[in-house]
Every structure is written in C-alpha cells, then in structure tokens.
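Please look over the structure below before reading the points.

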Amino acid sequence: MNINVQRLSRRLAELSEIGKIEETGVCRPALSPVEKRAFDLVGGWMEEAGMKVRIDDFGNLIGRLDGEDAAAPVLMIGSHLDSQPYGGRFDGAAGVLAGVEAAAALADQGIRPVRPVEVVSFCDEEGWRWGKGLFGSRGITGQLDLEELSRVDKDGVTREQALRDFGCDPDRMAASVYPPGSIHAYLELHIEQGPLLDRLQVPLGVVTGISGPVWLTVEFLGFAGHAGSVPMSLRRDALVGAAEAILALRRIVAQEEGSPGVGTVGDLKVFPNSRNIIPEAVTFTVDLRDIDLERRHRYERELRETIASIAVRHGLDYTIRDDFRSEPRYCAEWIQSLIREEGRRLGYDLPALMSGPFHDALALSYVCDYGMIFVRCKNGISHNPLEFTSTEDLALGTELLFRTVRRMIQTKPVERSWTGDKHE
C-alpha cells in the first residue's frame, strides 16, 4: 500500500476521543468548542503533511498543497468533522482523515501535484443544530441565504454568534467564496451508511449520484384546553393532526414497492407539552428523498394536499416552511471511470451505488465535476454509536482515494468552462 495504515488507524482512534459518548459514539456539534478541538488536532496533521492550513469565515478547515501551477483550479477532497448528537466515529471523519492521509502519502513519496490539492472539513454538514446542513460547502460555492445567520439553536445561540465565537467573521464571508472555475473537481470518501456493500461482501463501491433531498418544517396550530373537560368533538388537537400527517407521509412514500424514495419525521415538538392539556401547537420536520425527481415532486404534492385536508378536518391552522431542497446530482463519468480502473488494480470490481444520504459533494456538484467512493459499514448502521467500518476496509478506501488523486494530479487536463450541468 502507498498509504500508512497504522497512521490512519491511530489518527481515527485519537480523533474519536474528541466528543466521545458511550464506548464508540461521538457528539461533535458544528461550530462548538468540541469541534474546534477536532479542527486543532486535524489541522496539525495537515501541517505535518506539508499543507498550509486555515479556517475560513464559513467555519471550514482547509489544508492546501500548492501545485506546480499555483493558479490552476484546485482538486478538492473533503467531508466533515461535525457529527450527529448521537453519532458514530466514521461518518464524515473517515473522509477527512482519508484526504489528509492521501496528501501525506503524496508528501511521503515526494510527489508534487501539477495543480493545487485542498483537503477540507466542511462546516455543519449534518444540519441538526440550526436545521439546515451543508453550510460550509454551500458557503464556498455561493449558495447560502443571509437568513441562515439568524437561525437559533436549542440554546438560543444564533449561527452568526457561533461563527464569531469560533473565530470567524461573518461580515467577511464573501471573501471565502471560491470564484467560478477555481475548483477543478471534488472527491469524497464516505462510509456507505447503507447495507448494500455489507450484503454483497464487497469493501468498496463507486457512487453514481446523490438522491435529491427536500427538508420541510410543518407546524399545526390548534387550541389548548383541559384534557378532562373538552369533549372530543370540540377539540382542535394539533398533535392529532400531526400524527395523521406523519402516518400519511409513510403511506405516500411506501406506495410504490421497491422505490428508493424515503420519508422521515425525525424531530417533533409539542406545546405546551403537558399530559393534561390538549396540544395547541406541534412542529415537526419532514425529510423526503428520491433519485427520481418527478416522483419526489409528486410525493411532496400529495403530502401538502394531505396536510391541508387534515387541517380543515380538525379545525387547525398550518404552515409549511422550506428548509432545503436539491435535485438529484450525478457523479462525473470520467471520475467514476478512474475510480473503477484503480479499484480493478486493487483487485475489486466496484459495484455502482446511489447515495440516499446527501453529502458535501451535493453542494460542490453545482460548481464542478465530482466523484465519491463508498466504504462498507457493518450492517449499514450509521447516525448511531454502533456505526462501524473495519480498519482494513477504510485502508482500502483510502488507498483507492490516493490512487485516484494521483491520477488526477499527474496529468495536466484541458480546462473547460463549468456550466453546472449534471452528468448522467
């Protein structure tokens, strides 16, 4: 192997101690002191690999290896170090450390890239703290809305304040946006977060595209009353409306057997949240995803129509807020081909996989070609402390990442103007 397996494994174990919960889990909230400790640690490893390190004003940790042509568009490798509140050791972190190891292997072998290489840990990929993810990757690609800075977390902290506490200056974020054409391509290694590779008993896969997600926040508003005295026929119970809507989401998404479409309600808040008061207000999130954009649109329309009908039937008011949406985005064929070729050289015929979860690659796909490598995870478990990827599989994935990077930086490609078209 070209990479240092022991170094990679040791670093993952050391990083896993930062924000550790239970025996194997982690909780590293975006823009928190815990994540800053992780940035300091990984930033030091970037420097050991010869990279120039900075934290930009979106809260991204960036390590840069200069190339022979310092002005050439960069090859970017990335993922994230923030985690879910009840997360595992590998989600995001595996991709960042694989990128750092790939850069370290280049330095160990004295390989100087033709173009610059940047390894990035993007800020707030997960999105749970402020209800909208991919913040750092959308930031550098010019896809942020200014209202996002005023969002408040559960402790009343705005994203703007968290950025300032982290050492960033939100007033200077425009200077951290990458100009059009300045990113040549993007690569990301990630655990699969699904069971297909595990069932196939194959350690690695090549990603063909990412399903398009829609994130909505729904609120039903009824009227509070005493649980013991208001007749059932006169109640305006917001929780009953929410319960019907949640069940309707499951029915809508499950109507086509074998469809890859999925729908989830993962956050629900009840007011006033007392056992003997009829719920007056309920807010819940909707996560709807599908690789087929037309079908996803149809499911969303059905859900919105169902919510409107529920509100009328139970005498409720309602609002639906759009938090995030993207169309499905397809990986560049030429990058997929490189990954497959290098996979065969490692002795594997890589299966093609779609990604249901979104990744920072989704945001980067709007400004450059991108490719992804999936690494097997046990039983497909993710967003859970039981998440596990073996040292051997992660090492293979990192070796494949290194070999793909080496191919992409050793030959000077013909530059082209990026149009933002997706690659089927």
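Over which residues does pLDDT stay under 50?

1. Confidence. The stretch is residues 413–424, where pLDDT is the predictor's confidence in each residue, from 0 to 100. The model has 25 contacts beyond four places in sequence for residues 413–424 (contact: heavy atoms within 4.5 Å). For the protein, the mean pLDDT is 94, and 97% of residues reach 70 or more.

2. Basis. This is a predicted model, in which local features need pLDDT of at least 70, side-chain atom pairs count only at pLDDT 80 or more, and totals for chains, interfaces and linings use all residues. Residues are numbered from 1 along each chain as its sequence is written, and side-chain values use heavy atoms, with hydrogens and water left out.

3. Overall form. The protein has 11 helices and 16 strands (DSSP runs numbered from the N terminus: helices are H or I, at least four residues; strands are E, at least two). The C-alpha trace spans about 80 × 45 × 45 Å along its principal axes.

4. Annotated span. UniProt, in an unreviewed entry, places "domain: Peptidase M20 dimerisation" at residues 209–312; such annotations may be inferred rather than shown by experiment. Residues 209–312 are 35% helix and 28% strand, and the end C-alpha atoms lie 39 Å apart.

5. Helix contact. Val5, Leu8, Ser9 and Leu12 in helix 1 meet Thr391, Leu394, Ala395 and Thr398 in helix 11. By class, this contact has 5 nonpolar, 3 polar and no charged residues (nonpolar: Ala, Val, Leu, Ile, Met, Phe, Trp, Tyr, Cys and Pro; charged: Asp, Glu, Lys and Arg; polar: the others, Gly among them).
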